[in-house]
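Visitor: Could we go through this model together, beginning with the sheets and then turning to the interface?

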Amino acid sequence: MMNRFVIAEPDKCIGCRTCEIACALAHPVGAIAAPLTPATFAPRLTVVKGMKISTPVLCRHCEDAPCVNVCPNGAIVYRQNSVQVLQDRCVGCKTCMVACPYGAMNVVARPAAQPAAGYATTHAIKAEVQKCDLCVDHAGGPACIPSCPTKALHLVDRNTMDAARKSRQERAALDMTNGRLF
Amino acid sequence: MEKVISVCPYCGSGCKLNLLVENGTVVGAEPANGVTNEGELCLKGYFGWDFINDTKLLTPRLKQPMIRRQRGGEFEAVSWDEAISYASSRLQEIKAKHGSDAIMCTGSSRGPGNESNYVMQKFARAVIGTNNIDCCARVCHGPSVAGLQVTLGNGAMSNSICEIEDSKCILVFGYNPADSHPIVARRILKAKEKGAKVIVCDPRFIETARLADMWLPLHNGSNMALVNAFANVLIEENLYKQDYVARYTEGFEDYRALVSKYTPEYVETITGLPAQQIREAMRVYAAAPSATILWGMGVTQWGQAVDVVKGLSGLALLTGNLGRPNVGVGPVRGQNNVQGACDVGMLPNQFPGYQHVSDEAASAKFAKAWGVPELSKRVGFSLTDVPHVVQEGKLKAYYIFGEDPAQTEPDLETMRQAFEKLEFIIVQDIFMTKTAMFADVILPATSWGEHDGVYSSADRGFQRFYKAAEPKGNVKPDWEIFSLMATAMGYPMKYRDTREIWDEMIALCPLYTGATYDKLAGLGYVQWPCPTEDHPGTPWLYKDNKFDTASGKGLLFAAEWRAPLEQVDAEYPLGLCTVREVGHYSCRSMTGNCSALQTLADEPGYVQIHPDNAAKLGLQDQQLAWIASRRGKVIARVAVNERVNAGTVYMTYQWWIGACNELTIEHLDPISKTPEYKHCAVRVEAIDDQLWAENYVQQEYSQLKARLRHAATV
């Protein structure tokens with residue numbers, strides 16, 4: 001089975017960033033349902049605007065994922081046909097950020113209470129790597145997809161890829177002008 | 001959880017949504033299957049509701065009537081009785097001393113809805129006795145209304161938002177749909193998918209330019225020259241429909257004579273466009289079986305705006321792209337109810353339903369219905385007249401209803417001087433705004449979500465929105481406040497609900513008579529004209545190519561190109577053009593109080609600049625910089641952006657610290673009196689001490705917020 005991933009059609013993106021907010025709200029930092037603030041705004045996809053392109057960029061959930069391969073602590077794993085992070089194992093070494101060719105990993109450090117010698121210390125730091133988790137814990141699936149007003153975002157799985165491959169093969173077969181070479 | 005049908009309170013796309021209500025509080029929004037939005041929303045629709053709950057992120061909700069008995073003093077909280085009695089007696093005094101025309105009122109194109117606007121203009125006309133009433137259409141699509149009323153007879157979009165996707169050619173002129181109306185941008189995408197040709201005329205490489213077949217990056221301020229050249233090509237290359245022009249239009253010979261000079265070669269230096277590209281664009285436009293022109297503030301916010309609107313309608317007339325589906329002219333109205341404010345008479349020259357104040361029959365009809373012997377036939381002041389007529393001593397009192405001119409007018413220093421000179425200012429709003437800080441009396445109103453009503457979307461569509469939650473605080477619906485004011489001024493006025501107001505209004509307006517509340521129930525959508533109850537409404541205007549002009553023909557009109565007023569020079573070497581931010585709306589009193597939208601973009605805002613200009617000035621991306629014009633100086637964050645043209649910088653107008661209207665010039669179109677927000681001369685200066693600059697922004701912003709918060713919490 002192939003890993004699933006969310007990808008955008010850049011031709012349809014109007015750069016409005018609705019998906020960023022939908023993603024940030026689906027992945028609350030701190031208290032669930034607290035209003036967003038700049039400190040808690042941590043979307044796992046980023047709308048990139050260049051001269052000729054506007055498109056959200058996010059994790060491709062690679063089959064042979066550099067982030068999984070390089071993580072020294074086994075914090076990144078393949079689960080549910082996707083690449084997921086086990087946050088309690090993340091030490092914040094940033095190796096995955098260095099390795100990821102899509103810029104999809106973001107390591108953050110947040111204040112956290114941690115038990116030490118039987119007491120909860122409030123000044124501890126917890127590292128976390130934030131990346132697209134395909135909203136696997138959400139009943140409705142990836143929150144970004146329905147929020148997009150131009151429907152530029154799509155969830156791609158093995159079936160979608162097979163269908164696309166098949167139609168491209170068919171188009172190529174009908175368009176075989178190279179036969180005239182011989 | 002309860003779901004209450006509403007209409008998005010931001011842009012004019014008319015998106016239906018459900019407000020999600022839990023224990024009497026609005027807790028979310030989800031798209032509804034409205035005619036224009038088809039179950040989609042943009043970020044403002046999804047995340048633009050929490051201001052209702054008084055988040056105080058930017059500025060607090062107004063929760064009690066307040067009076068400031070002395071300028072410079074503190075506000076004091078008072079009862080409604082006292083506020084109304086004080087406000088009405090002060091207005092009476094001014095009316096007795098200086099006459100009715102010394103008082104000016106505004107409409108509100110946002111949350112209040114058509115009913116409250118109708119009652120406000122009735123209050124101005126029947127109770128105060130003046131046509132001094134205007135709304136923000138003046139600073140927005142006023143030129144579209146003025147221009148199209150002359151050439152085609154109707155100032156609104158000729159066709160519907162949903163028809164855009166079936167048009168075979170879309171000419172986008174001075175309009176950035178992705179930032180202004182994402183839900184309209186969606187229709188353009190769909191049109192493209194269905195094979196339409198898209199032509200974009202804009203100095204910036206806007207999102208729509210990415211998908212366009214042709215992008216014409218004309219020089220800022222060359223609109224009229226380009227439109228005339230378009231007409232020149234259509235005529236001289238014989239691309240126009242001679243039969244259509246002969247049968248349905250007038251003025252062709254004069255028009256042809258004027259545009260004959262504007263060959264594509266002649267305008268090359270004015271527009272900066274190769275003649276071939278101009279020709280090619282018109283060949284594509286003329287060849288399409290159906291073509292739509294969409295425009296926005298890039299056409300209207302210039303000293304020469306009405307002429308350009310008339311010119312654009314000429315292109316549609318020349319090619320027969322009117323009077324049928326999927327064609328036409330589309331001034332896509334900005335705010336959610338700016339079309340509505342105009343529809344119900346928030347104009348100094350027209351009663352509700354676009355009936356002229358100088359028309360004897362119309363005047364007599366309204367006078368009779370409103371129970372007054374006669375109504376003023378003198379055309380009132382426009383919004384942009386205010387600073388001048390105040391200085392001339394003609395205007396003494398200003399009743400500002402749901403507008404924030406201290407943020408949105410050009411050259412804010414001039415506006416502030418006018419406020420200081422006015423004898424009496426009433427501000428009726430839902431938020432403590434920069435304008436409310438000038439008020440002598442503050443009347444707090446219910447917000448969108450807290451009252452019922454009807455909005456008009458950009459394409460003339462009436463839609464009902466419903467009350468979702470009880471207001472918190474001692475506030476009243478706008479129409480009720482006007483009724484109390486009218487009664488206190490000796491004109492007994494009382495309405496049961498918005499339906500009663502609506503019924504009174506549609507009975508007086510033949511264009512709307514058939515658009516009853518029952519017909520608009522739920523997701524109902526009725527586009528005017530709708531003269532009778534069995535009439536389905538009118539998605540596209542000018543059936544049988546019969547125009548709403550006196551002669552029934554469309555008028556071809558051209559004018560000589562005029563350059564923008566303030567030329568760049570050595571001291572102020574860059575042009576400044578004011579533009580839109582997708583996640584904020586207008587003065588931002590609403591979106592600035594929405595947690596998600598405020599998180600996405602906050603003070604001091606950006607000045608977008610081309611990399612070449614930035615490099616020359618030593619400006620780094622994301623650094624703070626000063627932007628100065630002859631009228632003021634503000635600080636903003638630099639966004640180095642390849643999509644903007646060199647020579648012009650771009651700022652969005654909702655920021656308090658990076659307030660670009662401190663810089664803009666008060667140069668008005670002579671007909672519509674719309675300011676030239678799209679061009680003035682500025683210089684951008686790098687700041688060496690960035691740490692100081694960051695602190696300065698934070699400090700100024702906190703102080704301003706604290707000042708408004710303090711004023712509102714007496």
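This is a predicted model: local features need pLDDT of at least 70, side-chain atom pairs count only at pLDDT 80 or more; totals for chains, interfaces and linings use all residues.

Visitor: What is the strand order in the open sheet of five strands in chain B?

Guide: The order is β10-β9-β8-β12-β13, and the pairing is parallel. Helices (H or I, at least four residues) and strands (E, at least two) are DSSP runs numbered from the N terminus, and two strands pair if DSSP finds at least two bridges between them.

Visitor: Which strands stand at the edges?

Guide: They are β10 (214-216) and β13 (328-331) of chain B; each has a single partner strand, so one side of each is left without a neighbour in the sheet. Neighbouring strands of this sheet are turned by 15° against each other on average, direction ignored. Such angles come from axes that are lines fitted to C-alpha atoms, for helices over the stretch in contact, and run from 0 to 180 degrees between N-to-C directions.

Visitor: How many bridges join β9 to β10 in chain B?

Guide: Three bridges link β9 (residues 197-201) to β10(B), and the two run parallel. B:Val200 has B:Trp215 of β10(B) as its bridge partner.

Visitor: Which helix packs on that sheet?

Guide: Helix α14 (residues 306-318) of chain B does, touching β8 (169-173), β12 (291-295) and β13 of chain B. Contact here means heavy atoms within 4.5 Å. The direction of α14 makes about 170° with that of β12(B).

Visitor: Now the sheet of three strands in chain B: what is its order?

Guide: That open sheet runs β1-β2-β3, with antiparallel pairing. β1 (2-7) and β3 (25-31) of chain B are at the edges with a single partner strand each, so one side of each is left without a neighbour in the sheet. The twist averages 35° from one strand to the next.

Visitor: Which strands does a hairpin join in chain A?

Guide: A hairpin joins β2(A) to β3(A) through four residues. These strands, residues 46-49 and 54-57, pair in the antiparallel sense over four bridges, and A:Val47 stands opposite A:Pro56.

Visitor: On to the interface. How many residues are in contact between the chains?

Guide: In chain B, 24 residues are in contact with 30 residues of chain A. The buried area is about 2,200 Å², of which carbon and sulfur atoms give 62%; this is the accessible area (1.4 Å probe) that two parts lose on being put together, summed over both. On the side of chain B, B:Arg210, B:Thr599 and B:Leu600 lose the most area to chain A, together 26% of what that side buries.

Visitor: How many salt bridges are there between the chains?

Guide: The count is two, a salt bridge being a side-chain nitrogen of Lys or Arg within 4 Å of a carboxyl oxygen of Asp or Glu. B:Glu40 forms one with A:Lys151, with the closest N and O atoms 2.6 Å apart.

Visitor: Which helices of chain B supply residues to the side that touches chain A?

Guide: α1 (43-47), α6 (182-193), α7 (207-211) and α22 (595-600) of chain B each supply at least two residues. α6(B) gives the most, with six residues.

Visitor: Finally, where are the cis peptide bonds?

Guide: One cis peptide bond joins B:Trp528 and B:Pro529, with omega about 0°. Another joins B:Glu603 and B:Pro604, also with omega about 0°. B:Pro529 lies in the loop between β21 (526-527) and β22 (554-555) of chain B, and B:Pro604 in the loop between α22 and β24 (606-609) of chain B.

Methods. Residues are numbered from 1 along each chain as its sequence is written. Chains are lettered from A and ligands numbered from 1 in the order in which they are written. Side-chain values use heavy atoms; hydrogens and water are left out.
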